[in-house]
Structures are given as structure tokens and as C-alpha cells.
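Me: I am new to this structure and would like to learn how to read it. Could you walk me through it?

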Amino acid sequence: MVDSRFFPTLGPFTLGEIAARAQLTLPDGAPGERKFRDIAPLESASAEDVSVFSDARLAASFAASHAGVIVTSAKLAGLPHNGGHILVARDPRFAFAAIGLLFHPRSLDKPGLHATAEIDPSATLGVGCQVDSGAVIGPEARIGDGCHISSHAVIGAGVVLGAGCCVGANVVISHALIGAGVRIGSGTVIGGEGFGVVLGPTGLMCSAQIGRVLIGDAVRIGGNCTIDRGALADTVIGQGTMIDNLVQIGHNVCIGSNCIFAGQAGVAGSVTIGDNVMVGGQVAISDHLTVGTNARIAGKAGVMRDVAAGEAVAGYPAVPVRQWHRQNVFLGRSVQKTTPGT
Amino acid sequence: MVDSRFFPTLGPFTLGEIAARAQLTLPDGAPGERKFRDIAPLESASAEDVSVFSDARLAASFAASHAGVIVTSAKLAGLPHNGGHILVARDPRFAFAAIGLLFHPRSLDKPGLHATAEIDPSATLGVGCQVDSGAVIGPEARIGDGCHISSHAVIGAGVVLGAGCCVGANVVISHALIGAGVRIGSGTVIGGEGFGVVLGPTGLMCSAQIGRVLIGDAVRIGGNCTIDRGALADTVIGQGTMIDNLVQIGHNVCIGSNCIFAGQAGVAGSVTIGDNVMVGGQVAISDHLTVGTNARIAGKAGVMRDVAAGEAVAGYPAVPVRQWHRQNVFLGRSVQKTTPGT
Amino acid sequence: MVDSRFFPTLGPFTLGEIAARAQLTLPDGAPGERKFRDIAPLESASAEDVSVFSDARLAASFAASHAGVIVTSAKLAGLPHNGGHILVARDPRFAFAAIGLLFHPRSLDKPGLHATAEIDPSATLGVGCQVDSGAVIGPEARIGDGCHISSHAVIGAGVVLGAGCCVGANVVISHALIGAGVRIGSGTVIGGEGFGVVLGPTGLMCSAQIGRVLIGDAVRIGGNCTIDRGALADTVIGQGTMIDNLVQIGHNVCIGSNCIFAGQAGVAGSVTIGDNVMVGGQVAISDHLTVGTNARIAGKAGVMRDVAAGEAVAGYPAVPVRQWHRQNVFLGRSVQKTTPGT
């Protein structure tokens with residue numbers, strides 16, 4: 001049961017509406033007009049709920065579930081279950097995500113500008129924005145239609161946000177041009193000064209950092225991340241890329257579209273990353289490297305050389321993932337053989 | 001000497017009061033009415049200070065210390081020292097911590113609600129709270145007695161805080177039910193959207209995250225952490241668990257009581273962790289794993305399989321800690337043997 | 001081309017002024033009175049721009065660049081190029097950084113105290129400060145001349161900042177004495193309670209943390225860092241040390257001068273670090289260790305023993321960097337030999 005203090009629930013929706021939202025076909029004879037109330041996990045779903053079964057290890061839960069509707073794959077649909085309506089999806093998790101957003105859309109709480117927001121007279125806001133208490137919008141900033149700027153967020157001079165962006169509380173954005181539908185978690189800092197330390201005869205100096213941050217449409221950034229602006233060029237994040245919490249993106253990094261960065265990953269300066277790259281949690285990528293399209297970097301890997309398109313790497317230093325597994329097996333066997341008594 | 005600009009000091013307290021606070025027995029003939037002024041390290045303590053000696057490597061400091069009172073163990077008490085009064089404790093560090101809080105309790109600065117705090121009329125606050133400038137408390141939030149909400153903290157709609165909580169500056173809390181006596185460091189984000197990325201035919205999508213964060217009594221969370229709310233279920237942190245700075249807790253993670261997480265540790269989604277687990281700094285725990293009660297995970301380990309109750313692991317990938325040490329010895333010897341000239 | 005929405009540009013400056021700023025000698029016959037407009041990368045620089053060539057791998061860009069002035073080394077100056085004026089520097093990157101700051105100095109936007117800043121009557125501010133909206137300056141704090149305190153930054157009671165400090169938005173500083181010319185990135189927390197967890201018969205307890213943070217002149221700290229105050233002694237950061245984003249510095253850590261910490265590095269409690277130490281990204285240093293002057297710790301290393309002065313280490317656990325490379329070669333060869341078919 002969703003906690004209604006936190007999550008207003010739309011609906012109920014008919015089975016037909018639910019299937020349509022996920023572009024699924026209703027099975028013959030299914031009651032397209034019957035209404036369902038919410039989404040829920042297999043274990044706690046009632047006959048009025050929609051659930052999902054996408055992992056064969058949960059077959060027992062599927063078999064016992066009281067869910068009224070279960071989204072699953074053609075293959076898993078053949079397993080024993082409890083009589084709920086089955087919706088078959090090529091990609092059940094994706095279909096269920098779409099259904100979840102039908103019941104629980106991301107929406108503005110209270111459009112309007114809070115009296116304590118500090119909006120510079122030269123800034124422009126689109127229609128239907130929500131700007132919460134204490135938010136700051138600097139000179140010449142341009143905020144698109146339907147944006148939500150949460151409490152105490154600070155949008156610097158000249159920053160551009162496309163329509164439908166959601167900026168969390170205490171976010172700081174400067175020196176950035178941001179597309180439409182971008183969501184930024186609380187506490188994240190975008191456009192901070194890159195780490196351009198140079199060593200000279202009189203000690204360390206930080207060079208001027210006069211590039212920007214360019215963020216494409218539909219990018220999602222988590223909480224307490226840091227995304228530095230470029231030094232001379234720009235830092236770029238391609239459209240649809242998804243970034244988890246506490247991720248560091250260095251200056252001049254150029255990231256393609258539809259990449260995934262898990263929590264606490266870090267990308268050093270001037271790295272170039274292609275499209276559809278998956279980066280695991282706590283991965284580090286050294287500066288000036290290139291990571292090709294569709295590459296996969298396993299969690300906690302330390303990448304110290306280029307990664308080819310489609311390559312999967314793991315380890316520290318990162319090597320092809322199969323090599324890493326073999327190395328680990330080799331190490332484990334070696335110490336069993338060599339030091340039996342310890 | 002404590003800097004009085006930052007730390008008001010209570011006292012002085014008598015030796016009897018000091019021993020009582022730490023549940024220690026006064027030795028025969030000790031001057032229970034004599035007063036002492038503060039705590040201090042062995043090296044700088046004066047005859048009016050209380051100090052602690054818990055590490056045999058500091059025996060020289062113990063021998064030379066001018067501290068008026070020294071808390072130590074029965075074993076260490078036999079080493080040479082300079083004549084201060086000795087209080088023997090089964091656990092000297094724990095006893096000294098209790099004595100430190102006698103002189104330096106955590107207390108409210110100025111109870112009351114600052115004029116610039118934005119407290120929704122439907123929120124309820126207990127008695128004796130301190131709400132600092134610019135803090136935001138949302139609709140229907142319930143704040144217990146004696147809570148301290150620091151400047152610019154943002155407490156979202158419906159959030160519940162038990163009595164005696166301390167929320168740092170610029171903290172963001174949403175979608176959370178929090179127990180009594182919880183302390184949260186500045187800049188931490190609790191209840192942000194979990195990282196539920198699913199891949200489908202039209203690209204990446206983030207599923208609705210409609211769970212909560214449930215935090216038990218007496219939990220301590222450091223600064224700039226991120227603790228995501230659950231996807232369908234809840235993210236749970238058991239009572240008395242202690243979390244350092246910059247720690248990431250993913251959605252649906254379930255953590256037991258009295259665990260310790262050192263700085264920059266990260267727990268991926270849907271991990272289950274038992275009671276009394278110790279997690280070192282920069283540890284990563286992969287998603288959907290189980291870590292048993294009393295397990296110990298060494299600093300920087302990358303946990304990629306379940307950890308049994310009581311097991312101690314280290315390395316990346318994490319293996320039993322003795323195996324890891326043997327692997328490291330093996331590797332060091334191997335390169336000495338195989339590449340003598342390099 | 002610098003984006004003028006974000007970066008006002010001073011100048012133009014004559015070649016003579018440019019050379020003088022970087023303490024470079026004008027070549028014979030160079031047009032010292034000719035003016036230049038900005039800095040730019042080799043690839044996009046025009047005849048009115050100054051650029052830099054410091055990496056032989058970019059020789060093709062040097063050969064083709066239209067830059068009016070190029071700063072380079074004596075060695076690289078001999079490579080083919082396109083006719084721009086050459087300024088030879090012993091350290092081209094350092095010289096170019098100085099020139100960049102000539103065109104793009106870090107300066108205050110709008111000196112003055114914003115009406116919504118909350119400055120305690122007992123705090124003192126030097127001349128020419130800028131305090132932005134919602135910033136909080138606590139009782140008895142002392143802020144030097146020409147400081148910039150950005151929006152929603154919270155400067156706690158008694159904190160001292162030297163002249164010319166720049167404090168980012170949403171920064172939290174408490175229990176700290178900070179030198180002149182210190183720059184602190186947005187979202188950073190300085191002076192939070194150290195992680196002093198002690199285990200006793202009744203569970204975990206956090207000891208009082210009654211030390212301070214002492215930061216030397218010209219230190220640079222990135223965004224969303226956490227620097228804890230000391231437990232009984234102080235946490236110390238020496239002058240000129242440069243710290244990137246998301247770095248954790250534990251309680252009682254003592255860091256020398258002119259050190260470099262890359263992003264997401266973490267230093268556990270009571271570590272002592274000498275001068276000129278370089279710490280790579282995501283490095284972890286275990287508690288109570290000593291790292292000598294001029295040591296170098298490679299990215300992602302896990303340091304679990306003392307590091308000698310001048311030593312270079314890498315790996316987890318960290319070993320001498322040459323040993324680490326040999327270990328990695330050994331591992332790679334071992335699995336090729338032992339498991340050819342997999």
C-alpha cells in the first residue's frame with residue numbers, strides 16, 4: 001500500500017487503459033473495463049492491484065500472488081500462478097514502469113512563485129512554473145514552461161533550463177545550458193569550477209575555468225552530485241543519460257546519450273564517453289580516456305586505459321570482464337595450493 | 001584546551017560525578033569530591049583535566065601525562081604513569097566518551113522558531129524545538145519535542161521526526177518516517193527518488209519510486225549522504241546504526257540495528273544487511289545481496305556475493321579476509337620471483 | 001569563444017602585458033603593443049586569441065592553429081606551426097593559467113549585503129564583502145575583507161574567515177578557523193561532527209567532537225566535500241592545498257601544504273600527510289597512517305600502511321607503483337597461460 005501522505009494516487013484505471021499505457025495487447029476475453037487501483041509488489045498486491053513478475057527467482061511469489069493483474073514476459077507467463085490477469089510484455093519491467101507512472105505521475109505540487117523566492121527582474125520564467133521558498137534565480141536566467149525549482153535551489157546568472165525541468169532542493173546550477181525534461185536531485189552542484197590545478201615555480205595554481213555545462217533533454221541526475229564546467233571547452237551530457245547519486249563528472253567530460261552511471265561513480269577530466277554506456281557504482285575513469293559506445297564498466301572498476309565500443313571491463317585496473325573473473329579464480333586457487341596450512 | 005568560541009563547557013564536575021556518569025567504581029581513597037574541569041588528550045591535559053589511555057602504543061604519553069584523571073583498562077593501568085588518578089573501565093574509550101558528553105552535551109543553541117523559517121500551518125511541532133533561519137517544514141509534517149532543524153533544511157510534506165532529532169543545515173528530507181534522537185549531518189538528502197532505470201524499446205525510463213525511508217531511533221547520519229526512498233517497498237535503517245559522511249544507501253535497502261558505515265561507503269538497491277554489521281570506508285555492496293549479522297567488511301572492499309553472518313571479508317571482489325591477505329602476499333612474492341630485474 | 005553570459009572578459013591586453021603577467025620574455029621583434037582579446041584552445045583560437053601547446057600529442061593542432069599567440073615550451077616550440085607569435089615558458093600550462101586569470105579574474109559580482117542575508121549583530125565583516133541572499137553568518141563570526149559568501153551558505157558561530165575568501169552556495173561551515181584567499185565549492189560541509197563511534201556494553205555511542213578545523217591560506221576545496229572537525233585535537237589543512245569535489249577528510253587529519261586531492265578521495269581519521277603529496281581520485285587512506293612529503297598515491301589506491309616520503313604507491317592494498325604494475329602483468333599472463341581455452 002502506497003503511503004498517501006507522500007504519494008497521491010491517480011486512478012483507478014481500467015485494464016484497457018493500463019494495457020494501452022504500456023502498449024500491451026489485452027488477451028482475448030480479458031475484462032478491459034474492469035478497474036484497478038494501484039501498483040504493488042507481488043507479495044502484497046491485492047486483487048485491485050497491478051504487479052510485475054520479471055525475475056524467475058521470484059516464481060514462488062508469482063505462484064502465490066493475489067495481484068489482480070500481473071505484467072510478465074511470454075516465457076515467464078507459463079509458470080504456475082494464482083489466477084490474476086496476465087499482461088504479456090516483451091520487456092515487463094519497462095511496461096510496469098510505464099504503468100507505475102500512470103498511477104503516480106511526477107507532477108507539480110503547487111504551481112506559482114513563493115513570496116520568498118529571489119527571482120532577478122531580468123530572469124524570464126515560462127508559464128506554469130513552481131518556484132519554492134528561498135529559491136534564487138539569477139540575472140538573465142531563462143526558465144522554461146512548467147519547471148519546478150525547489151526550495152533554496154540557486155540558479156545562477158544566464159543559466160537556461162528547458163521546459164518541464166525539475167530541480168531539487170538546495171541544488172546549485174551555474175554556467176549551464178540545460179535541455180527540456182531534465183530532473184536534478186537535491187544537493188547537486190552543476191557548473192562548479194573544474195579542478196584545473198597546475199604546478200609552477202611558485203606552487204600550485206588553479207587555472208580559469210571558462211567553459212560551460214551542456215545537458216541534453218530528459219537527463220536525470222541524482223542527489224549530491226558534482227558536475228564541473230569545462231576549462232576552455234564545455235562539459236557535455238547527452239540526452240536521456242541517467243546519473244545516480246554522489247557522482248562526480250569532471251571538467252571537459254563529454255558523455256553521449258542514454259548512458260547509465262550508478263552511484264558514486266567518478267569521471268575525471270576530459271574523458272569522452274559514447275552512447276549507451278553503462279557505468280557501475282564507484283567506478284573511476286581516469287582523465288583523457290575514451291570509452292566507446294555500448295561499453296559496460298562493472299561496479300567499482302578502475303578504468304586506466306581506453307575502453308572499446310561494446311567492450312565489457314571490470315577490475316582495478318580494469319581488464320576485460322572475463323579476464324578479471326579468471327584472474328580472481330586463479331588468485332583464489334593459488335593461495336589454496338601454496339598456503340594450505342594458513 | 002577546548003576553544004570556547006565553539007564549545008561551551010559544563011562543569012567542573014567532581015571525580016565522583018565523573019565516575020558515576022561512566023558507571024565506573026571510584027578506587028579506594030580517591031578524592032570523590034575533588035573537581036575537574038574538562039577532557040583533554042594525554043599530551044596536553046593538565047591536573048584539572050580527565051584523559052584516556054586505551055592504546056598501549058601511547059604508553060610513553062601515559063607515563064608523561066599531567067592529566068588529573070586517566071581512564072584506562074585494568075591491563076594498561078599497570079604501566080608506569082605520572083600520578084594522576086586512575087579510573088579503570090572495562091571499555092575505556094566508551095567510558096571516556098560518556099565523560100566527554102558530561103562536559104560537552106549536545107544541546108540546543110536557542111530554542112524557538114526563527115522568523116524566516118517557513119513552517120506550513122498544517123505542520124505540527126513539539127515543545128522546545130529550535131527551527132533556524134530559512135528552514136522549511138512542509139504540510140502535515142510532524143516534528144517531535146526538542147528537535148533542532150538547522151538553517152535551510154527542507155522537511156517535506158508528511159515527514160515525521162521523533163523527539164530530540166537534530167537535523168543539520170541544508171538537509172533535505174522527504175517521504176520519510178524518522179524515529180527519536182536521530183542526528184543528520186548537514187547537506188544530507190533523505191528520501192530522494194531511487195535509481196530505478198529500466199531499458200525499453202524507446203530508450204531509458206525511470207520507474208515511479210513510491211516507497212518511503214524508515215529510520216529507527218538513535219540513528220546517526222553524517223554529512224552529504226544520500227538515502228533513497230524505496231521503489232515499491234521501503235528503505236529501512238535500524239535503530240542505533242551509525243553512518244559517516246558521503247554514504248549512499250540505495251532504494252529498498254534494509255539495514256539492521258547498530259551497524260557502522262564508514263565514509264563514502266555505498267549500498268546498491270535491495271541489499272539486506274543484518275544487525276551489528278561493520279562496513280569500512282569506500283566499501284561497495286552490489287544490489288540484491290544479503291549481508292549477515294555481525295559481518296565485517298573491510299575498507300574499500302567490493303562485495304559481489306552474499307556475506308554470511310559473522311564473516312569478515314575484504315578485497316575486490318570481496319573474499320574472506322584471510323584469503324585476501326594470502327592473495328596479496330602471493331602476488332607480492334610472485335613478482336619478486338618472476339621479474340627480479342625490473 | 002567564451003560565453004559572455006557567464007564569463008565577463010577583461011582586456012584586450014597587449015602582448016607585452018600578457019608576457020609580463022606570466023613572467024615570460026618577449027622574443028626579439030615581437031609586437032609588444034599588439035592587443036589580444038581572449039584565451040582559447042588551439043583548435044578554435046583566432047588571430048586575436050592566446051592559446052597553449054603543452055602536450056606533444058597535439059602537434060597537429062599546433063601546426064594548424066590560427067591562434068595569434070601560443071605559449072609553449074622551448075622543446076615544443078621547434079615543431080611546425082602556423083605563424084602565431086610564440087611565447088616560450090619553462091612551464092607552459094602554468095604560464096597559460098596566469099594569462100587566463102588576466103583575462104578572467106575571479107572577482108565579486110556585486111559587493112554588498114543582500115537584504116535577506118541573516119548576519120548576527122555580533123558578527124564582524126571586513127570591507128568590500130559580498131553576502132548573497134539567504135546567507136547566514138552566526139554570532140561572533142569574523143569575516144575578512146573582500147569575502148564572497150554565496151546564497152544560503154551558513155557560517156556558524158565563532159567561525160573566522162581571512163580576507164578574500166570565496167564561499168559557494170549552500171556551504172556549511174562551523175567550528176573552523178580559515179585563512180585568507182580560501183575558496184570553497186558549493187555544498188561543502190566543513191566542521192561537521194567527526195565519526196567517533198565507540199562500542200560499549202549498551203551499544204554504540206558517538207563521542208563528543210570538540211576539536212576544530214584549521215585551514216591555511218589559499219586552500220581550494222571543491223563542491224560537496226565533507227571536512228570533519230577534530231575529536232580532541234584539530235583537523236588541519238595546510239596552505240595552498242587543492243581539494244577536488246566529494247572528498248572526505250576525517251577528524252584529526254593533518255594535511256601539509258601544497259597537496260592535491262582528486263575527486264572522491266577519502267582520508268580516514270587521524271591520518272598525517274606531509275607537504276606536496278598528490279592523492280588520486282577515489283583514493284582511500286586508512287585511519288592513523290602517515291604519508292610522507294612528496295608522496296604520490298595513484299588513483300583509486302587503498303592505502304593500508306604508511307607511505308614514505310617521496311614514495312609512489314598504487315593498488316588495493318597500495319604497494320609501490322612498480323610492484324603494482326608487475327603484479328598486474330603477472331596476473332594477466334597467468335590466466336593466459338593457465339586457462340587458454342576459456
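**Where the chains meet**

Reply: Let us begin with one interface: 47 residues of chain C are in contact with 52 residues of chain B, two residues being in contact if their C-beta atoms, placed from the backbone, lie within 7 Å. This is a predicted model, in which local features need pLDDT of at least 70, side-chain atom pairs count only at pLDDT 80 or more, and totals for chains, interfaces and linings use all residues. Residues are numbered from 1 along each chain as its sequence is written, while chains are lettered from A and ligands numbered from 1 in the order in which they are written.

Me: Which elements of chain C each supply at least two residues of the side that touches chain B?

Reply: Helices (H or I, at least four residues) and strands (E, at least two) are DSSP runs, numbered from the N terminus. Here, β20 (189-192), β21 (197-200), β22 (203-206) and α4 (321-338) of chain C each give at least two residues to that side.

Me: How are chains C and B related?

Reply: Two copies of a chain are related by a rotation about an axis and a shift along it. In this model, a rotation of 120° with 0.0 Å of shift along its axis superposes chain C on chain B (RMSD 0.0 Å), by least squares on the C-alpha atoms of residues with pLDDT of at least 70 in both. The two copies are thus related as by a three-fold rotation axis. They use different surfaces, since 17% of the contact residues of chain C recur in chain B.

Me: What is the mean pLDDT of chain A?

Reply: pLDDT is the predictor's confidence in each residue, from 0 to 100. For chain A the mean is 95, and 98% of its residues reach 70 or more. The complex has an ipTM of 0.95 and a pTM of 0.96 from the predictor.
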